[in-house]
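Here is a briefing on the structure shown below.

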Amino acid sequence: MSKKHKTPLLDELKKGKWPSFVNEIERAAEKSEMTDDLLGQVEQSYEEKVVHWKHGGMVGVKGYGSGIVGRFSDLPEKYPGIKEFHTVRINQPSGFFYTSDVLRSIVDIGEKHASSLFNFHGSTGDVQLLGAKTAELETIFQEYTKLGFDLGGSGSALRTPSCCVGKARCEFANYDAMHACNSITQAFQDEMHRPIFNYKFKFKFSACGNDCTASIARADLSVIGTWKDSIRIDQEAVKDYAKKFDLHKYVTDKCPTKCMSYNAEEGLKIDDSNCSKCMHCINTMPKALRPGTKGGATILIGSKAPMVSGPRLSMVLVPFYDIEEDAKNDYEWFKDLISKIWEFWDEYGVNRERIGELIQRVGIGNFIESIGLEPLPEMVASPRGNPFVLYEEYVEAGGEQG
Amino acid sequence: MTDETKVKLEEAIVNLIKEYANKKRFKPGDVVKEMESKFSASGVTKDDVKTAIRDLTDSGRLIYGYAGGSFLALPE
């Protein structure tokens, strides 16, 4: 099929070394008139610097309030193929593991019933099938269900939890992020499929401080792996690294808490009590250093992208959570904590207010008291910063600071 | 919650959405609060209202919509 629309601006984006989304859409457009119209509308948006999508509305599958993101062209007469161009969110497997057979089946359904374009994966983590028409949604849902997949979250609901590859492929993993993610996903199906919240709520599970899911910036509740004991050091391997590069310049001087030193005679020394588990030294010398053996997680709360108020990073809520122990009880403690957080949000939150914004509004002290946690000095908004602990010994009678 | 209360609760939810159709978009959470208060004398809990919403959307009497946030609506 020849191209129906001229796309000189999009053609510019096919140049260069990186794979181009324009090439992929053009390949799909060879078989689909719908996708050809998509190219035309995107080109027009680039020319006018105006978005021509409307989103939302009353699209979905029966019984579910989530999983379908309604998308309509505001130029349906000019681009009839994309008059309806909905996104279907499919809950990804933990860690993004697929067999090639399943991948083929996922794609076959997309080719048969939609534009055949996918996002692997959307920023929440789901597989996103693009360009479904309203009339095809139930069929698409049924076919993915037969394949063993379910829809993910959208709207004012629990969004599809996501995780890093964890212990399946990563030597830095401090807990089984895939197991935790899968268990929490299964436990809160109702909250994911039937929007009941003030706004969206996201969980992300990263098994170490490298935070491959970027949870600290994107999740309302982040579960990031850490360890309690000392970094494991192989001094012989440290010496090998010292022959390859300047350890002071690339490792010890870059330590954010300056808790490590190195000299050829004594080797590498780490004051683990001051280590903030930033992972820099371990990432730089992976053959010499490894996280400690007493793994667990830090639970953080409240990050979000700009919307009602500006962007926020998460703050520490639970400094050390023995997640592997809790896993033996099917994450009972964690689920209870989540329920208390949601109850507080439900009671005091307003429409379109994320949990982080609510905490900012009512104060962290009130929040942690309501969910039954004890205030701890480690509950920090940023390293070396504490948003709410009042050190009374520094305050004299009458409110003057001593 | 008795079966009779359940039927009344479901009717009350549908009537609320009907009454405010094209005037106000009710979030499921708003409906829960409204019904919990309305049926408090009958011992209806938040979970009862959530279950009623679930049954109503499963049966197709109500559907979900989205406009900057999720809301409940009558089928078009």
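Helices (H or I, at least four residues) and strands (E, at least two) are DSSP runs, numbered from the N terminus. On that basis chain A comes to 15 helices and 15 strands. The model is predicted: local features need pLDDT of at least 70, side-chain atom pairs count only at pLDDT 80 or more, and totals for chains, interfaces and linings use all residues. Residues are numbered from 1 along each chain as its sequence is written, while chains are lettered from A and ligands numbered from 1 in the order in which they are written.

**Overall make-up of chain A**

- The C-alpha atoms of chain A fill a box of roughly 70 × 55 × 45 Å along the principal axes.
- A residue is buried if 20 or more other C-beta atoms lie within 10 Å of its own, exposed if 12 or fewer, and partly exposed in between, with C-beta atoms placed from the backbone. Of the 402 residues of chain A, 42% count as buried.
- Two residues are in contact if their C-beta atoms, placed from the backbone, lie within 7 Å. Among contacts in chain A with a separation of 6 or more, 64% join residues 24 or more positions apart.

**Domains**

- Domain bounds come from an automatic or database domain assignment. For chain A this gives domain 1 (8-146), domain 2 (162-228 + 296-392) and domain 3 (232-290).
- The C-alpha centres of domain 1 and domain 3 of chain A are 47 Å apart.

- Two strands pair if DSSP finds at least two bridges between them. One open sheet of chain A has four strands in the order β2-β4-β6-β5, with antiparallel pairing.
- β2 and β5 (117-120) of chain A stand at the edges with a single partner strand each, so one side of each is left without a neighbour in the sheet.
- Strand β2 (residues 68-69) of chain A joins β4(A) through two bridges. Here V69(A) has T87(A) as its bridge partner.
- Four bridges link β4(A) to strand β6 (residues 127-132) of chain A. V88(A) stands opposite L129(A) in that pairing.
- β5(A) and β6(A) also run antiparallel, over four bridges. N119(A) faces Q128(A) as its opposite number in β6(A).
- How many residues of strand β4 (residues 86-90) of chain A are buried? Five of its five are.
- Both faces of β4(A) are covered, with H86(A), V88(A) and I90(A) on one side and T87(A) and R89(A) on the other.
- Helix α5 (residues 137-146) of chain A lies across β2, β4 and β6 of chain A.

**The five-stranded sheet**

- A second open sheet in chain A has five strands in the order β7-β8-β9-β14-β15, with mixed pairing.
- Its edges are β7 (162-163) and β15 (315-321) of chain A; each has a single partner strand, so one side of each lacks a neighbour in the sheet.
- Strand β14 (residues 295-301) of chain A pairs antiparallel with β15(A) over four bridges. One bridge there pairs A297(A) with Y321(A).

**Nonpolar cores**

- A nonpolar core is a set of buried Ala, Val, Leu, Ile, Met, Phe, Trp, Tyr and Cys residues joined through C-beta atoms within 7 Å.
- The largest core has 61 residues, and A177(A), A180(A), I299(A) and L317(A) touch the most other members.
- Helix α13 (residues 332-348) of chain A gives this core its largest share, seven residues.
- At least three residues of this core come from each of domain 2 and domain 3 of chain A.
- Another core lies apart from it, with 31 residues, among them I68(A), Y79(A), I82(A) and I140(A).
- Beyond neighbours within four places in sequence, L317(A) contacts I299(A), L300(A), I301(A) and M379(A).

**A position on helix α5**

- Leaving out residues up to four places away in sequence, E138(A) touches V61(A) and K62(A).

**Contact between the chains**

- The contact takes 20 residues from chain A and 18 residues from chain B.
- The side of chain A that touches chain B has six nonpolar, 10 polar and four charged residues. Ala, Val, Leu, Ile, Met, Phe, Trp, Tyr, Cys and Pro count as nonpolar, Asp, Glu, Lys and Arg as charged, and the others, Gly among them, as polar.

Definitions and conventions. Axes fitted to C-alpha atoms, helices over the stretch in contact; angles between N-to-C directions.
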